[in-house]
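Work through the exercises below with the sequence and the model open beside you.

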Amino acid sequence: MDIAIVGTGYVGLVTGACFAEMGAHVTCVDTDRDKIAGLCRGEIPIYEPGLDELVRRNVSAGRLFFSTELAEVIDNVEAVFCAVGTPPDEDGSADLSHVVEVARTFGRLITHYSILVTKSTVPVGTSSIIKAVISEELSRRGVSVDFEVASNPEFLKEGAAIKDFMSPDRVVIGIESERARKVMERLYRPFLLNNFRVLFMDIPSAEMTKYAANSMLATRISFMNEIASLCELTGADVNMVRKGIGSDARIGGKFLYPGCGYGGSCFPKDVRALISTGDRHGCDMSIIRAVEEVNERQKSVVFHKLDEALGGVAGRRIAVWGLAFKPETDDMRCAPSLTVISMLLDAGAHVTVYDPIAMGEGRRRLGDAVTYASDMYEAIVDADALAMMTEWKQFRLPSWELVRRAMKGRVIVDGRNIYDPSEVADEGFAYHCIGRRVVDDRSKTLRR
């Protein structure tokens, strides 16, 4: 089966490579000529474990191609996937300009029945806009060509995207006809053969499912962060609370980990877009609005803990472990580290950072405002305090002896709750985390 995917960002490139791995012939299209030239040379523009090998293997096998022109392949494909970005506008709504442009190009080029499948995250009702744009272009051409639209939202986790695509919890497909269903069933047959759940539904429901899923996960995170704040005031331990409620089969344990807030390209954008969709339809999304408010507040928690522990951060040297919003990615979009670093710099602190993967992205975003270390231990040399912002595996078992020798101060603020409070306190550090008890055996006092 021949398909085209417009957009070679995170979603488009992963989707194209994985469909090619399943046996489809895929052409990934992008207007960025430099990016396409790089991909043709085997240069992968994003970091995702295993993606470079997957791309190279399918290019060599003659199943994956790259182009700057959809016109070069439109006559041979049965479906075109739209995987372009939908960044938030100033009011939080999704910017659909790139999606609309893909629809215009599709309408200008198609000569036979084909389907435009929306892989981009778009608000409910976007399919109607897309259909109208395509019909308008066909009318301008004075031709009548059968076409359909479909919705196939992605549910990929950065850092585990290939596994998620190949072994999905579910595949959601919104269609309007049996003809479109048959085309999509052929494409997803490998998943049907493996008994993965492929859920067909109407298009508005498919569009809503994406936003509802991400907003529910974001809600769980913000809920636990609010519970963590209350635990700190009442003497409860949020880690015990998490285990207690997570053992309830109706709740489960996923996405119940408190910390310094969520970031990335999906949760913040999708939560704001759902709020905006509600506003447009006269529905006050009060719970989702609170989710965003709690998260924005939570991003500053690490700064406030540092400021309190040090009696002010002005003139202090602060080391930051982790820049990416989560491990196994270099994505810093809406990362809590950016909020904390900005607040530290505004307060007059000197900041040194280290991240195993995201240093290049960090330099692009932070410029010369911070110092960049070559490894995790160089970052803490002469530091008054350490802020742990991203739970990379290499940060989980540090040599506390090396940390003691390198640091000038003894303050550690763990924004991800990855260390054992008693162990770190026993090593002689003033350990601060999110919503957990920290017993200082030397004074038999409790700290947060």
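**Exercise 1.** In which crossing, right-handed or left-handed, does helix 9 pass helix 10?

*Solution.* The model is a predicted one, in which local features need pLDDT of at least 70 and side-chain atom pairs count only at pLDDT 80 or more, while totals for chains, interfaces and linings use all residues. Residues are numbered from 1 along each chain as its sequence is written, and side-chain values use heavy atoms, with hydrogens and water left out.

Begin with the axes: those of helix 9 (residues 203–234) and helix 10 (residues 238–246) come within 9 Å and cross at roughly 135°. Helices here are DSSP runs of H or I with at least four residues, strands are runs of E with at least two, and both are numbered from the N terminus. Axes are lines fitted to C-alpha atoms, for helices over the stretch in contact, with angles from 0 to 180 degrees between N-to-C directions. The angle makes helix 9 oblique to helix 10, since angles under 35 degrees count as roughly parallel, over 145 as roughly antiparallel, 65 to 115 as roughly perpendicular and the rest as oblique. The crossing is right-handed, which is the term used if the near helix is turned clockwise from the far one by less than a right angle, anticlockwise being left-handed.

Next, the contact (heavy atoms within 4.5 Å) is made by F223, M224, I227, A228 and C231 of helix 9 together with V238, V241, R242 and I245 of helix 10.

**Exercise 2.** At roughly what angle do the axes of helix 9 and helix 11 cross?

*Solution.* The axes of helix 9 and helix 11 (residues 267–280) cross at roughly 115° and come within 9 Å, and the two helices are therefore roughly perpendicular to each other. Helix 9 passes helix 11 in a left-handed crossing. Residues making this contact include Y211 and N214 of helix 9, and F267 and D270 of helix 11.

**Exercise 3.** Is S151 buried or exposed?

*Solution.* Locate S151 in strand 6 (residues 147–151). Its relative accessible area is 4%, so S151 is buried; buried means under 20%, exposed over 50% and partly exposed in between, with a 1.4 Å probe and protein chains only. Leaving aside neighbours within four places in sequence, the contacts of S151 include T118, V172 and I203.

**Exercise 4.** Where is E328 placed, and what is its phi?

*Solution.* E328 lies in the loop between strand 9 (317–321) and helix 14 (336–346). Although E328 is not a glycine, its phi is positive, about 65°. With a relative accessible area of 26%, E328 is partly exposed.
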